[in-house]
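Thanks for coming. I will go through one model, from the chain down to a few aromatic rings.

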Amino acid sequence: MRGLCCVEQRFLHITKPSPFKPKPPALHPTRKWNIKAKAKGFSGASNKNLVQVKKGMPKEPENRNGKDDDDKLPQVVLDRMIKRILLYVGVPLVTGIVMLRGFDVVKQQNVVDIPKWLPFLTTFITFGSSALGIAIGTLSASWDAEREGSFFGFEEAQRNWVEMWKEEDEFN
């Protein structure tokens with residue numbers, strides 16, 4: 001015992017500093033930030049327009065042309081998009097849930113020994129495609145109010161994809 005008490009404890013330490021030593025943060029000159037955000041609430045009307053409506057004053061146009069900057073989609077097009085989104089999101093989502101339940105029943109009944117990676121893979125594929133269904137449903141719907149479009153919407157998706165990026169290029 002006496003020998004153990006006399007043993008010198010050496011602490012491990014690094015004699016050379018690490019090349020990955022973090023540098024102290026650089027101090028940036030302080031700036032005065034001007035907040036330019038305007039809260040519009042859920043109605044989409046600005047506070048200025050609300051005050052004018054309350055006082056009975058005529059509402060000023062949104063821009064020089066007197067038109068609103070955002071183009072309004074017809075209700076027919078919105079309904080068409082919602083139907084397609086529900087289809088393209090709902091089918092993969094329900095399929096994934098049914099497959100998970102099926103794997104659970106097969107595993108509990110000891111019918112087939114299912115590897116653990118199979119439910120993970122099917123969940124990843126079905127729920128991932130369900131998440132993509134929002135974009136696919138929006139792009140595959142016909143954005144023209146007079147034209148219904150095809151069942152799957154491949155032609156509309158090609159047309160709307162180009163249209164979407166064309167509008168993006170106009171703003172930049």
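**Annotated spans, fold and rings**

UniProt, in an unreviewed entry, places the feature "transmembrane region" at residues 85–103 and 123–143. UniProt positions follow the numbering used here, feature names are shortened, and annotations may be inferred rather than shown by experiment.

Before going on, the ground rules. This is a predicted model, where local features need pLDDT of at least 70, side-chain atom pairs count only at pLDDT 80 or more, and totals for chains, interfaces and linings use all residues. Residues are numbered from 1 along each chain as its sequence is written, and side-chain values use heavy atoms, with hydrogens and water left out.

Back to the two spans. Residues 85–103 are 100% helix and 0% strand, with 27 Å between the end C-alpha atoms. For residues 123–143 the figures are 86% helix and 0% strand, and the end C-alpha atoms are 32 Å apart. Helices (H or I, at least four residues) and strands (E, at least two) are DSSP runs, numbered from the N terminus.

Now the whole chain. Of its 172 residues, 15% count as buried; buried means under 20% relative accessible area, exposed over 50%, and partly exposed in between (1.4 Å probe, protein chains only). The accessible surface of the protein chain is about 15900 Å², and 64% of that belongs to carbon and sulfur atoms. Those areas come from the Shrake-Rupley method with a 1.4 Å probe; for residues, only the protein chains shown count as cover. Among contacts with a separation of 6 or more, 53% join residues 24 or more positions apart, where contact means heavy atoms within 4.5 Å.

Last item, the rings. How many aromatic pairs does a search of the whole structure find? The search returns three. One of them is Phe-151 with Phe-152, edge-to-face, at 4.9 Å centre to centre and 80° between the planes. Phe-152 also pairs with Phe-154, this time stacked, at 5.8 Å centre to centre and 20° between the planes. For the cut-offs: rings of Phe, Tyr and Trp (its six-membered ring) pair if their centres lie within 6.5 Å, and planes under 30 degrees apart count as stacked, over 60 as edge-to-face and the rest as tilted.

Phe-151, Phe-152 and Phe-154 form one aromatic cluster. Phe-152, at 47%, counts as partly exposed.
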